[in-house]
Amino acid sequence: MAKKMTLHLRIWRQPNPHTPGKFVTYTIRDVSSDMSLLDLLDVLNEELIKKGEQPVEFDNDCREGICGMCGFLVNGVAHGPKRGRTACQQYLRDFKDGETITLEPFRAKAFPVIKDLVVDRSALDRIMAAGGYISVNTGSAPDANSIPIPKDIAEQAFDAAACIGCGACVAACPNASASLFVGAKIAHLALLPQGQPERIRRVLRMVEQMDKEGFGDCSNHGECEAVCPKNISIKHIAIMRREYLRALFCS
Amino acid sequence: MAIAIKLLDAKAPSGPLESRWTRHKDQLKLVSPTNKRKYTILVVGTGLAGASAAASLAELGYNVKAFCIQDSPRRAHSIAAQGGINAAKNYRNDGDSVWRLFYDTIKGGDFRARESNVYRLAELSLNIIDQCVAQGVPFAREYGGLLDTRSFGGALVERTFYARGQTGQQLLLGAYSAMMRQVDAGRVTLYPRREMLDLVVINGQARGIVCRNLVTGELEPYVGDAVVLCTGGYGNAYFLATYAKNSNATAIWRCHKRGAFFANPCFVQIHPTCIPATGDYQSKLTLMSESLRNDGRVWVPTKKGDTRPPNEIPQDERDYFLERKYPTYGNLVPRDIASRAVKAVCDEGRGVGATGRAVYLDFSDTIREKGIDYIKEKYGNLFEMYQHITGEDPYKVPMRIYPAVHYTMGGLWVDYNLMSTIPGLFVLGEANFSDHGANRLGASALMQGLADGYFIIPYTIGDYFANTTLPKVSTEHSAFKDSLADVHRFLTKLLSIKGNKTVLEFHRELGMILWDYVGMARNAQGLQIAIEKIRRLREEFWNNLKVPGDANMLNKNLEMAGRVADFLELAELMAIDALHREESCGAHFREEYQTPDGEALRNDEKFCYVAAWEYTGDLSKPELHKEPLVFEFVKPTVRSYK
Ligand SMILES: Cc1cc2nc3c(=O)[nH]c(=O)nc-3n(C[C@H](O)[C@H](O)[C@H](O)COP(=O)(O)OP(=O)(O)OC[C@H]3O[C@@H](n4cnc5c(N)ncnc54)[C@H](O)[C@@H]3O)c2cc1C
Ligand code: SF4
Ligand code: FES
């Protein structure tokens, strides 16, 4: 059953990339425990606008955990306390009445803050453009069933392909490494027969681009896996390493 | 202002249905590879339609600029599609064929779509699956390694391909990766965090767009030789809907005001299985995929006001009303029919849950017969999502579901080449009106978006270029300057009202009007009330709106204000269209026109046409143009799913 709650939100406010930010605390009373965290931000913003203050900017779109647009640190944890979920899938019933919740943007050199909780994650797209694809022109594909793929391989490829590109893994990593994100894509395509022809070139280029964007190295802390809303396993980083070594060896 | 075309020419080919598209393609003019490089195409939107179009056009050698609202093109609303995509592969040998998919889609749309278009769509469905598999889309497979399929509403064959409950995500990532390959090749330039706010028409041709850079607030003009709109549907006009928060009508509406006709705006799909709203604070509803109706049974208590928990209600006191009313299709009747049936039992007072506006979707029989793992594998992520949102475990208690706005069949009018009434403005995906008539069958929006983007626009746009002279223009042209000034004025006006009501309040109010009067059931009196209310609300909006901040910064409230301003105009057209269509067809249910047992009563004599509305400068007096629908191959019948 829904309860009424009072919550304090301690939120990072930063008007633009060039002005330093600071935490500001707001109190919201009498909200339903059935609300999502983003619903709560909506309620806060309505109050702020009515008072003539600036609303808190935060990215969001699907609000059902699939687009990867939302994301910030909730009490220091990327996406929030409930593991395996995005920020938009955190509900107030999982917080304590009277609790102070701290919200701040993802922190990483490669993700500059744009405003309040909004950051720039375009580095991830640039990594994808450096080979995160299979080269097949429209119209040139053979019949879909001409490439049988064992069910378990297809399932493993799917587990990797489920990444939503949210960047939480980067935000959680002490080195701000994007290895889980990159590893997931490399594993997805390396597992499939369609991905074989470009296997070597892909891993070399994507890893190179990741370095160029200023992401750090992976030193096996495992924080990425813990916050990943899609439960992408850290074994994908091992696959990426193996693929990388194999590529160096082959080329 | 474009010159109105009085007789709408769909340019649909004639002759035998099976060879129409092939012959049409053979007759289209081509652009030589060296010349393709000289053309720049502006693709607005990077969902399934936009990403597939951008990739395919760039592969041909065109220069493509791709725009989207989100921070990355991979986040377009298509990402949220759950259930699957149809294709007439007949891998199951269960009697499927291109003809049958065509027939099911035409019938599902209640005979309000063009035969030529729908047949082409069914034909292209075959190529789509091939293309996606080649890109590495991890579709569900059987133990033999071949592709698995399942059933969706409105069909008696299993032709729906799927990737767990994340089909849209996987298809979009496939199209996105094809597009990123072209970014890599230097043929596509990405413009994320941009919102198109105007279309620039020069000498009657679409020659550019004006965007707002959503980070800096700057207004940016872009010149192109053609504009391809792939900006999705307008269902967020209802405020509460299953759409992503950024889905909007702004791009299509501003093009409408520049001369593009708007077709069948009142055809809006209300999906039967969504998680019911729990409170006023909510701004978004979540779909539970139609695929769940394969294994879930829909029921309500037989008695009114029965408040016992579902597990305590014995079998003989449950009404499996879809199975009872429609024995042949059972729980898999099309969406419009299921939604109305749900509404009817709730109106009778037999709805469940705190508000009485919900019915059960119960998996206990399947769990008993096939085990929990079967359900987990097929629908695991949906069950998880349900649990996150409601805090209830659907493996133990039945889901509670209620209809919600989900898809818009209406959209900008396009001919067989997907060109609007403005030469050089093409419209793809949910943004156009083309293939679904008055009701879309499940798993066919993904099919349409990809057919449009991968396989149709690459052919038809070349024909346009080959037949058209395009004088050189630059952003110095007065049309660009005027457009920039218009947009600037519009934004300044929104910010200068400084009233007392927020954008969200206006949006919610508009949504309520549309849901009450232009929703699942409509009547003349209600529609007239709606029109009055919308006009009053629009006036209040322009006098009492409060938008914080300014235009030179990231300002989501300002973005939303512009979108709600457009919804407030489009809403009136939706009501006008619904009022003029004095028949019931598909999702458009006029209470005055129904059979004795409450089914839709079409009027083919008077309304067998596409209603395409032209903007006249007066929102209350749009001009109606008709495109008659001719059925040469199927006979419009009473749509029966009994
Ligand atoms: C929850 C859900 C589940 C669904 N499941 C299925 C399913 O299983 N099978 C099926 O066939 N269909 C399904 N559908 C329907 C289907 O997903 C959509 O109809 C389809 O994805 C629309 O694709 P699109 O490319 O036309 O537009 P969208 O994916 O909506 O993309 C619109 C694009 O346009 C951009 N844009 C919009 N306005 C502007 C502007 N002014 N300026 C710049 N860019 C702009 C956006 O940023 C975005 O990139 C589902 C829909 C929902 C809501
Ligand atoms: S790996 Fe997980 S955390 Fe990282 S981007 Fe993908 S979904 Fe997000
Ligand atoms: S808003 Fe889409 S994942 Fe959270």
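A residue counts as near a molecule when one of its heavy atoms lies within 4 Å of it. In this predicted model, ligand 2 is surrounded on that basis by A:C163, A:I164, A:G165, A:C166, A:G167, A:A168, A:C169, A:L180, A:F181, A:C228, A:P229 and A:I232.

The buried residues of α3(A) are A:K151, A:A154, A:A157, A:F158, A:A160 and A:A161. These buried residues pack against α5 and α8 (235-250) of chain A, and also against α6 (167-184) and α11 (372-390) of chain B.

That brings in the interface as a whole. Here 74 residues of chain A are in contact with 76 residues of chain B. The two chains bury about 6,400 Å² between them, and 51% of this sits on carbon and sulfur atoms. On the chain A side, A:E64, A:K151 and A:F158 supply 12% of the area that chain A buries against chain B, more than any other three residues. Of this trio, A:K151 and A:F158 are also among the buried residues of α3(A).

Another lysine is worth a look. A:K115 is found in strand β6 (residues 113-115) of chain A. With a relative accessible area of 7%, A:K115 counts as buried because that value falls under 20%. Leaving aside residues up to four places away in sequence, A:K115 touches A:Q14, A:P15 and A:E57 in chain A, plus B:M553 and B:L554 from chain B.

Chain A also carries an open sheet of 5 strands, in the order β2-β1-β5-β3-β4 and with mixed pairing. The edges belong to β2 (22-32) and β4 (77-78) of chain A, each of which pairs on one side only. Strands of a sheet pair through backbone hydrogen bonds, running either parallel or antiparallel. Strand β3 (residues 73-74) and strand β5 (residues 100-104) of chain A run antiparallel and are joined by 2 bridges. One residue to look for here is A:V74, whose bridge partner in β5(A) is A:L103. Helix α1 (residues 37-50) of chain A lies across β1 (4-13), β2, β3 and β5 of chain A, and runs at about 105 degrees to β2(A).

How values were computed: Residues numbered from 1 in each chain as written. Chains lettered and ligands numbered in written order. Predicted model: local features only at pLDDT ≥ 70, side-chain atom pairs only at ≥ 80, totals over all residues. Heavy atoms only, no water. Pairing = 2+ DSSP bridges. Helix = DSSP H or I, 4+ residues; strand = E, 2+ residues; numbered from the N terminus. Contact = heavy atoms within 4.5 Å. Axes fitted to C-alpha atoms, helices over the stretch in contact; angles between N-to-C directions. Buried < 20%, exposed > 50% of the residue type's maximum accessible area, 1.4 Å probe, protein only. Buried area = accessible area lost by both parts, 1.4 Å probe.
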